[in-house]
Amino acid sequence: MDAIVVDNVSKKFKIPHEKKTTLFQNVVGLVRRQFAYEEFWALKGISFSVEQGEAFGIIGRNGSGKTTLLKILANVLYSESGSVTVNGRVAPFLELGVGFQPELTAAENVYIYCCILGMSNKEAKSKYDDIFGFAELRRFESMKLKNFSSGMYLRLAFSTAIHTNPDTLLIDEVLAVGDEAFQQKCRDKMQELKGQGKTMVFVSHALDAVESLCQRSLLLDEGRIISIGKTEEVIGDYLEMLRSEWPIVPSAPTLISPDDGATVYGTSVNFRWNPSDGATKYLLVVSTSPNFIQSKPRIFGEFVGNVLSHTVIGFPNDGTTYYWWVWGGNEAGITHHADTRANGRSFINGEAPTIPSAPTLISPDEGEQF
Amino acid sequence: MATSDIRLRMWQYRELVINLTIIELKNRYQNTALGFFWSILGPFLLATVLYFVFSNIFPQEENFAANVLVGIMAWRFFAAGTMSSLYSIVGKPSLVTKVYIPRKILTLSTALSVLISSTLEFIILLPIIFVLTGGIPVTILLFPLVSLLYFWLVYGVSLFLSSLFVYFRDLNQIWDVVIFSGFFLSPIVYPLSRIPDSYMTYYLLNPITRLIIMYRDVMVAGNLPSIGSLIVVISFCVIVFFAGSFVFNKLQRRFAEAV
């Protein structure tokens, strides 16, 4: 049975040349005859269906229409044409903690959040213990939310949202928030929910996360479906699409890989690189072969702006030698300059992290006064 | 989407409406019992000042003090209800852009919270009326009916205002002026008898005037509201409510893009 059916959906945004937000500006605009606007098709003719119990990924670059599509599925945005059918109770994870009130206590907020996600007070009461248990916030249930740290806030919100027992989950990059332990917990919970036969639509830039969670995926670009099918193949198409755009840049920004670039912390690997001239974004690529063309490289992230480090969590701890590159790019695309290719640095994963020296207590005498 | 479908969903979300109304009240009174008393201190002071000023201008009016109090409380319902409704959509962007709930719930819960505040304020007024006039008439039993009619009107106007405010952010300033002039265009601080007969027909077109008279009838004078007034007010409520719903439904499709 299909849980989600999207049939020929298009979404158009009108972007006026002069943004008018007040009645006064509208009247002035009317007098001056300023009606000009740009049409922007965020989505064009999108059709696909997701089966009951399937995890479905949506990938694509920034601005390709992924979030717009997810918002249409969540019934937050209306589509210009076409039809969308989503069966069962939907939990939209477009943002965690929707409707949280800082002035109210954690317990009150949990009830409200449950209610917003379509649960009755009775259902919320029966899940109450599980929610606080999973969030590990039992002690703080009567504390006002404004006194929560951002980590506690997220744990409470995530825990509430997944306990609403939804049939379908719409997830938009929520895993990109919180500390590493929280992210790992989120991923584990996602896998668990998948095992319970929940339908999931997962939008992310983290291709490895999409690959591990979703059987089928959809690649969007400029509001159109580029490919749809098995996740590995769709990710392959995405990489191919990015690769085909690389030669546009005439000269490569030079990248310097520092010797101590990759640091392994158990199952987490930290990558650092130096800035390159003219680059407005960086692409982190990891492969098992020093020649990336021969191997199947995995893109671990595309970073827009002056991002100079990245930590991959849950990297396979298998003692293999990996090679990594960072490519620089700008509006025109990403460089695949030969020099940059040869710059691949290796690291062996699975080595125990070396701790320089044991931490010593500064004044042990004071400790006894405790 | 069919209208019956929307109404069904609103019913499914009744607990959310109640919860949101409670939040609204808690935030308004900062979670304290004293918060409520602070909030009614203002209107009582205003009533006292206006009473001393206008009782010299209209010395022979019967129950003038009680009538001023009832008039101010009734006006407050409309003014507070519509002013806070302006922000009912815009003030909760995450509930509009990040999750789907019928958006009317947001406006409805704001209007309901004002109804509850207003009812509490009128209850506080009862002992004062008792002291000022020496009794509470039995027609007070019709108070819920008048308040419900009034609520219906406030909700209808709120639907207009909350949805239009999303697109026209200077509406609050315009509405301030409307509220300010409305205060003096309704018989709150002066008796109805002072309006010249030639203007009376137009003057009574204001449904708030008729509602204020109804409140005074049932709370102070002990008269039944006139059938004519009821018909006018009910038809006003129906028209405003359906027109407001129509505008709201049209405009809410793009709320998530404009909030």
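How many of the 259 residues of chain B count as buried? The share is 41%. Keep in mind that this is a predicted model. Now start selecting.

**Stop 1: chain B as a whole**

You will find 12 helices and 0 strands. Next, think about contacts between residues of chain B at least 6 apart in sequence. Of these, 80% join residues at least 24 apart.

**Stop 2: T82(B)**

Select residues 64–90 of chain B. This is helix α4, and T82(B) is found in it. Is T82(B) buried or exposed? T82(B) counts as buried, because 24 C-beta neighbours lie inside 10 Å and the cut-off is 20 or more. Now display the residues around T82(B). Setting aside neighbours within four places in sequence, T82(B) is in contact with V154(B), V157(B), S158(B), L161(B) and W175(B). Pick S158(B) from that group and draw a line between the two C-alpha atoms. The distance is 5.4 Å, although T82(B) and S158(B) are 76 residues apart in sequence.

**Stop 3: where chain B touches chain A**

Bring chain A back into view. The contact takes 22 residues from chain B and 26 residues from chain A. Which elements give two or more residues to the side of chain B that touches chain A? Select α2 (14–28), α5 (93–97), α8 (171–185) and α12 (255–258) of chain B. The largest share of this side comes from α2(B), with 6 residues. Colour the side of chain B that touches chain A by class. It shows 10 nonpolar, 5 polar and 7 charged residues.

**Stop 4: the two domains of chain A**

Colour residues 2–235 of chain A as domain 1 and residues 251–348 as domain 2. The contact between these domains takes 8 residues from domain 1 and 9 residues from domain 2. Look at the domain 1 side. The elements giving two or more residues there are α6 (180–195) and α7 (207–213) of chain A. Of the elements on that side, α6(A) gives the most, with 3 residues. By class, the domain 1 side divides into 2 nonpolar, 4 polar and 2 charged residues.

**Stop 5: strand β3 of chain A**

Select residues 55–60 of chain A. This is strand β3, and it is mostly covered, with 6 of its 6 residues buried. Show the side chains. In a regular strand they alternate between the two faces of the sheet. Here A55(A), G57(A) and I59(A) point one way from β3(A). F56(A), I58(A) and G60(A) point the other way. Residues on both sides are buried.

Residues 199–203 of chain A form β7, which pairs with β3(A) in the parallel sense over 4 bridges. Residues 216–221 of chain A form β8, which also runs parallel to β3(A) and is joined to it by 5 bridges. Finish on I58(A). Which residue of β7(A) does I58(A) stand opposite? It is V203(A). In β8(A), I58(A) stands opposite L218(A).

How values were computed:
Residues are numbered from 1 along each chain as its sequence is written. Chains are lettered from A and ligands numbered from 1 in the order in which they are written. This is a predicted model: local features need pLDDT of at least 70, side-chain atom pairs count only at pLDDT 80 or more; totals for chains, interfaces and linings use all residues. A residue is buried if 20 or more other C-beta atoms lie within 10 Å of its own, exposed if 12 or fewer, and partly exposed in between; C-beta atoms are placed from the backbone. Two residues are in contact if their C-beta atoms, placed from the backbone, lie within 7 Å. Domain bounds come from an automatic or database domain assignment. Ala, Val, Leu, Ile, Met, Phe, Trp, Tyr, Cys and Pro count as nonpolar, Asp, Glu, Lys and Arg as charged, and the others, Gly among them, as polar. Two strands pair if DSSP finds at least two bridges between them.
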